[in-house]
Amino acid sequence: MVAVAGAVLPVWAQDVDDVAPVDFAAVSAAVTYTVDAANEQITASARVAVRNIGLPDEAAVSDLSLVLPTTAGLSISAPQNGVPIEVRPGELSADFVVWTIALVRELDPGRTAEVVVEFVLRQVGGNRVPSATRFNPAYVSFPALGLGDAGAGSVRVIVPGWFSTRWVDLSGSIDEPVPYELGLAQIYDVVEVGEGFVAVVEARHDESLERRAETLGDTDVAVEFASWPGDGSWRGLIADHLEHLIPTLESLIGTPWPIVGTLEARESNSGLVHGFGGSFVRAAAGSGIELGPVVDEGVIAHELAHAWFDDRFDPWLAEGIAFWLAVAALGEEDGGDDRPVDRDDPAAMALEQWLPQHGDPAVDHYGYAAAAAIFDRTLTGLGATGQQTFLRAILAGSSGYGDRVSPPEFEDWRRSADVATLVNVDLMIEVVVWVLADPPDDLVGERAMTRTTYERFADQAGDWGMPAAVEIAMSNWDFETADRALGAAQVLLDERDDLAERAERLGVMQPVAAKEAFAADTVASALALRAEAVGIASVEAALAAADAGRSWVASIGLLGVDVDPWVRDVEVAYTASDHALATSRSDQVIARINDAGNGGARRLAATGPGFAIVALIGLLFAAGRVRWR
Ligand SMILES: [Zn+2]
């Protein structure tokens with residue numbers, strides 16, 4: 001019979017089949033891990049007690065199975081029984097071995113046996129070989145497993161005092177323990193560890209990192225490499241990637257490298273142990289990326305993308321864009337993440353509720369894949385200009401409604417949706433589907449309706465632009481106000497079009513005052529249109545008078561006088577938006593033409609019938625009404 005501990009395994013070992021413990025064997029274990037700096041290894045010692053808790057007539061326990069990390073050295077003894085025991089290893093994965101310990105004397109119900117297990121964890125292979133266990137003077141990482149049943153046992157970790165230590169509990173059962181100091185050591189105790197307890201312990205001694213600053217190739221990006229002692233080749237490998245990835249990202253985003261000062265690139269095993277590739281941290285003291293010893297270009301591109309799209313943005317936005325940028329920077333055709341993602345996945349959640357790297361691999365898998373899917377579906381087909389427009393608008397904190405409108409008070413999915421709409425209306429739909437926990441159907445529907453009006457209006461407005469009042473209301477998602485403002489502005493556009501038609505009919509150029517005021521101040525634009533209506537009426541009146549003045553009687557009065565310049569004066573004043581002048585000039589033209597009409601009649605009377613007949617025949621002839629036969 002077999003009792004197994006450590007059935008829940010960390011992220012990197014989840015392809016291992018779980019080994020279920022039998023229900024009549026209880027296992028408790030006190031495990032101590034000691035970071036042994038002198039020998040560059042971690043020694044572990046576990047006192048394991050197994051008890052048969054079955055009823056008196058039930059089976060005996062013959063074997064104890066323990067899942068342990070792949071060890072560099074192992075010894076097992078049974079001090080209380082005082083007799084040798086038989087141990088058989090069975091490989092579970094590259095990182096884990098299941099050890100089957102045959103108890104010399106089978107355990108009958110009610111009896112307990114104790115064994116002591118001692119093992120050594122050591123980094124296996126070079127730095128380019130993936131491994132959870134690392135050991136060098138600057139950086140130590142290893143998995144600390146609990147070996148007992150749930151709540152039955154403890155884990156103690158002893159670390160030299162010069163390391164700064166961090167725990168990541170992959171089984172999600174404890175908070176990070178507070179150490180106490182004993183001599184030169186820090187001691188971390190965790191009692192009553194949870195089921196399948198696995199914590200990753202990271203101990204750093206940054207003073208031992210090998211540092212070297214350089215400016216990358218053709219760029220002016222300054223990087224300080226901080227690599228593990230004895231791992232000099234890491235710096236060169238990373239520098240090669242940074243040198244071409246940074247300019248590639250700059251051109252994809254259309255914005256220069258955003259880090260002022262030196263970027264620190266630090267070697268760490270965090271990526272492997274925590275199940276993600278690297279990390280980016282922006283800090284006042286200096287920004288940095290952490291990258292693993294096993295170099296992965298996609299991970300480097302992703303972390304560099306976070307220099308632009310960092311935690312100032314919602315996680316789904318920053319991670320989705322970083323993912324998309326990494327894929328684009330590597331020149332891959334599509335999403336790069338070929339894991340299908342489904343909004344109905346059991347691990348699915350609205351992305352606005354997703355916090356990356358909180359521990360549950362299924363949730364993180366879903367979160368990253370879904371965030372990546374949003375941008376893969378929408379940005380990929382946009383073309384370089386559209387992609388840049390979108391990415392730069394996000395970076396600039398744009399409202400999605402042009403530079404004149406400062407972003408609204410709220411900073412949530414609504415602004416992202418507005419920025420998304422700037423380049424691709426489908427992106428808005430993706431945001432609603434993937435990001436929102438409880439899509440407010442009313443609001444989304446209302447927005448869609450107002451956007452239709454808005455876009456139709458924008459088409460008609462053309463180079464007159466969009467009134468600021470409309471854009472402010474739209475960016476605040478105040479669609480009632482936006483509809484009202486659009487309605488009021490529509491009246492102006494109709495008036496504009498009517499005036500334009502009249503001006504075209506007369507062959508005069510329309511003034512620009514109303515157009516110039518329109519986008520900033522619709523009231524000023526409305527006043528300008530009202531004045532313009534007076535102006536165009538003056539031009540019409542002057543032209544009508546001039547046409548009437550071409551009657552033969554008036555023409556006699558106007559003989560030798562050209563009325564066109566008078567009308568031209570009216571038109572010029574109108575086009576210059578000086579409608580008062582246009583009106584007074586027009587009145588003058590009309591008055592002079594009227595005078596001329598009277599003058600012509602007088603002239604006819606004064607010269608007598610003879611002249612009148614000659615003049616009349618002359619005029620009729622000129623008009624083509626009389627022909628000599
Ligand atoms: Zn990321």
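Which residue in S20 is the bridge partner of glutamate 267? The partner is leucine 291. This pair belongs to one of the close-ups below, and the model behind every view is predicted.

Figure 1. The chain has 629 residues, and 38% of them are buried. Take the contacts between residues at least 6 apart in sequence: 69% of these join residues at least 24 apart.

**Figure 2. Seven strands form an open sheet with mixed pairing.** Read across the sheet, the order is S5-S8-S3-S2-S11-S14-S13. Strand S5 (73–77) and strand S13 (180–182) stand at the edges. Each has a single partner strand, so one side of each is left without a neighbour in the sheet. On average, neighbouring strands here are turned by 20° against each other, direction ignored.

**Figure 3. Strands S11 and S14 pair in the antiparallel sense.** S11 covers residues 153–160, and S14 covers residues 185–191. The two are joined over 7 bridges. Look for arginine 156: opposite this residue, in S14, stands aspartate 189.

**Figure 4. A second open sheet has 5 strands.** Its order is S16-S17-S18-S20-S19, and the pairing is mixed. The edge strands are S16 (210–215) and S19 (278–281). Each of these edge strands pairs on one side only. Neighbouring strands of this sheet are turned by 15° against each other on average, direction ignored. Helix H1 (residues 233–253) packs on the sheet. This helix touches S16, strand S17 (222–227), S18 and S20. The direction of H1 makes about 150° with that of S17.

**Figure 5. Strand S20 pairs with S18 and with S19.** Strand S18 (residues 263–267) and strand S20 (residues 288–291) run parallel, joined by 4 bridges. Arginine 266 stands opposite glutamate 290 in S20. Glutamate 267 has leucine 291 in S20 as its bridge partner. S19 meets S20 in the antiparallel sense, over 4 bridges. Here serine 279 has glutamate 290 in S20 as its bridge partner. The hairpin of S19 and S20 has 6 residues between the strands. In this hairpin, glycine 286 takes a positive phi near 145°.

**Figure 6. Valine 341 sits in a loop between two helices.** The helices on either side of the loop are H4 (315–329) and H5 (361–378). Is valine 341 buried or exposed? Within 10 Å lie 21 other C-beta atoms. A residue counts as buried with 20 or more, so valine 341 is buried. Leaving aside residues up to four places away in sequence, valine 341 touches Tyr366, Ala369, Ala370 and Ala373. Glycine 367 is 26 residues from valine 341 along the chain, with 9.2 Å between their C-alpha atoms.

**Figure 7. Helices H13 and H15 cross at roughly 170°.** H13 spans residues 522–548, and H15 spans residues 564–575. Their axes come within 9 Å. Angles over 145 degrees count as roughly antiparallel, so H13 is roughly antiparallel to H15. From H13, the residues that meet H15 are Gly535, Ile536, Ser538, Val539, Ala542, Leu543 and Ala546. From H15, Val567, Val570, Glu571 and Tyr574 take part. By class, this contact has 8 nonpolar, 2 polar and 1 charged residues.

How values were computed: Residues numbered from 1 in each chain as written. Predicted model: local features only at pLDDT ≥ 70, side-chain atom pairs only at ≥ 80, totals over all residues. Buried ≥ 20, exposed ≤ 12 C-beta atoms within 10 Å, placed from the backbone. Contact = placed C-beta atoms within 7 Å. Pairing = 2+ DSSP bridges. Axes fitted to C-alpha atoms, helices over the stretch in contact; angles between N-to-C directions. Parallel < 35°, antiparallel > 145°, perpendicular 65-115°, else oblique. Nonpolar A, V, L, I, M, F, W, Y, C, P; charged D, E, K, R; others polar.
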